[in-house]
Amino acid sequence: MITSKLPNVGTTIFTVMSQLAAQTGAINLSQGFPDFDGPQALRDAVGRHIADGHNQYSPMTGLPALRQQVAAKIARSYGKQVDADGEVTITPGATQAIFCAIQTVIHPGDEVIVFDPCYDSYEPSVELAGGRCVHVQLGLNDFAIDWQKLADAITPRTRMIILNSPHNPSGALITRAELDQLAALIANRDIYLISDEVYEHLVFDGVKHASVLAHEELYQRAFVVSSFGKTYHVTGWKTGYVVAPPALTAELRKIHQYVSFCGVTPLQYALADFMAEHPEHVEELPAFYQAKRDLFCDLLEPSNFSFERVGGTYFQLVDYSKIRPDLNDVDMSLWMTREHGVATIPISVFYQEPPHGQRLVRLCFAKREDTLRQAAEKLCMIKRYA
């Protein structure tokens, strides 16, 4: 009998809720993907490059033209000059980039600090490397880092800290001042960073994303991960990238070449073309998604849910304490899907130890306007707890 290397891992809640939504005909606001297509010019470019014969392996590090476009975008967005050849690696998805970065650094017995609630791929990747995750809870209301808890969690075995901003599932943002605080905390320690910035261009209300790419001290020890899928509305393309200093990039590529070797070639050609021809896309993205956030939240104002508008990502947390305080969030998500036709994600699945009494579910607003209106109508019909 095989001995599982991940005995505590089962089917993810994202798969469970999407399947339940399909079975019940519920509106799927659970898994984080748009219900609209990416830009027409981007999709047209894929077909063009397939027809032109760009269907064989790309270079292991990624198509040079795409790496150059990533470097140009970073320079425009953050004022940071990176070497497209030595610091940018194209990967088949951000999750693969995170996995490879963890495998690059973590050895058996090492500890990795993650902030709960956290994305579900982090811990299995650490465990497969022989490491152990140390969970530090973010603030209950603002999902901010508790710096004393972080300092207390650091030990001689701490080898990595994983940041995520804009944060999934809460939408909270890390500030430049907080990055400075982190730099001071780990200045004299042999600790590396993964900065998961897949929602980097989904930051609202005029706030500027504080990227580790723009923090030279932290960047020298960091793997910064992003996602073309999130930025260009094509999550099914599973194409992302990781930016790291040359020495870290060289080690990461040793792992990457034996996990997938390279990403999908015609998709890389298409992305390179679109980025060159439409640099304004990323500049327009905050307003595009803020309009969806504001529409959805405006529609939910009459509901019995409580919420604060998120600062980033395309997820909105809502508190259901006034509706079914008797249900934990998993049961609430199942009840909402089956009884009210809207599928959500319980955020307890992002915790090692969910906070007692927390009553929050996550809704994805990366949807067409009519989808958001239909979902909000159903959500507003859910009555207050009697």
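A disulfide here means a pair of cysteine sulfur atoms within 2.5 Å. The model is predicted, and by that rule it has zero disulfides.

**Cysteines**

- Take Cys133: its sulfur sits 6.8 Å from the closest cysteine sulfur, the one in Cys118, and that is too far for a bond because the cut-off is 2.5 Å.
- Cys133 is also buried, at a relative accessible area of 5%.
- For Cys262, the closest cysteine sulfur belongs to Cys100 and is 13 Å away, so this pair is too far apart for a bond as well.
- Cys262 is buried too, with a relative accessible area of 11%.

**The seven-stranded sheet**

- Seven strands make an open sheet with mixed pairing, and their order is S2-S8-S7-S6-S5-S3-S4.
- At the edges are strand S2 (88-91) and strand S4 (132-137), each of which pairs on one side only.
- On average, neighbouring strands of this sheet are turned by 20° against each other, ignoring direction.
- Inside the sheet, strand S5 (residues 158-164) runs parallel to strand S6 (residues 192-196), and five bridges link the two.
- If you want a spot to look at in that pair, Asn164 stands opposite Asp196 in S6.
- Helix H3 (residues 64-78) packs on the sheet and touches S2 and strand S8 (240-243), with its direction at about 120° to that of S2.
- Helix H5 (residues 94-105) packs on the sheet as well, touching S2, S5, S6, strand S7 (222-227) and S8, and its direction makes about 165° with that of S7.

**A closer look at strand S3**

- Strand S3 (residues 111-116) is mostly covered, with six of its six residues buried.
- Glu111, Ile113 and Phe115 point one way from S3, while Val112, Val114 and Asp116 point the other way.
- S3 pairs with S4 in the parallel sense over six bridges, and Ile113 stands opposite Val134 in S4.

**Nonpolar cores**

- In soluble globular proteins, nonpolar side chains tend to be buried together.
- The largest nonpolar core has 64 residues, and the ones that touch the most other members are Ile113, Phe115, Ile161, Leu182, Phe228 and Tyr232.
- Helix H12 (residues 265-277) gives the most to this core, namely six residues.
- Which residues does Ile161 contact, leaving aside its neighbours within four places in sequence? They are Ile113, Phe115, Leu150, Leu182, Ile186, Ile191, Tyr192, Leu193 and Ile194.

**Where H3 meets H12**

- The axes of H3 and H12 come within 8 Å and cross at roughly 35°, and H3 passes H12 in a left-handed crossing.
- On the H3 side, the contact is made by Ala65, Leu66, Gln69, Val70 and Lys73.
- On the H12 side, Gln268, Leu271, Ala272, Met275 and Ala276 make it.

**The three-stranded sheet**

- Three strands form an open, antiparallel sheet in the order S9-S12-S11.
- Its edge strands are strand S9 (315-319) and strand S11 (345-346), and each pairs on one side only.
- S9 and strand S12 (residues 360-364) pair in the antiparallel sense over five bridges, with Val318 opposite Val361 in S12.
- Helix H14 (residues 329-340) lies across S11 and S12, running at about 45° to S12.

**Two loop residues**

- Gly79 has its place in the loop between H3 and helix H4 (84-87). Is Gly79 buried or exposed? Gly79 is exposed, with a relative accessible area of 62%.
- From Gly79 to Pro59 is 20 residues in sequence and 27 Å in space, C-alpha to C-alpha.
- Arg221 lies in the loop between helix H9 (216-219) and S7, and Arg221 is buried, with a relative accessible area of 15%.
- Not counting residues up to four places away in sequence, Arg221 touches Ile186, Ala187, Arg189, Ile191, Tyr192, Leu193 and Leu248.
- Arg221 and Asp180 are 41 residues apart in sequence, and their C-alpha atoms are 14 Å apart in space.

Definitions and conventions: Residues are numbered from 1 along each chain as its sequence is written. This is a predicted model: local features need pLDDT of at least 70, side-chain atom pairs count only at pLDDT 80 or more; totals for chains, interfaces and linings use all residues. Side-chain values use heavy atoms; hydrogens and water are left out. Two strands pair if DSSP finds at least two bridges between them. Helices (H or I, at least four residues) and strands (E, at least two) are DSSP runs, numbered from the N terminus. Axes are lines fitted to C-alpha atoms, for helices over the stretch in contact, and angles run from 0 to 180 degrees between N-to-C directions. Contact means heavy atoms within 4.5 Å. A nonpolar core is a set of buried Ala, Val, Leu, Ile, Met, Phe, Trp, Tyr and Cys residues joined through side-chain atoms within 4.5 Å. Buried means under 20% relative accessible area, exposed over 50%, partly exposed in between (1.4 Å probe, protein chains only). A crossing is left-handed if the near helix is turned anticlockwise from the far one by less than a right angle, and right-handed if clockwise.
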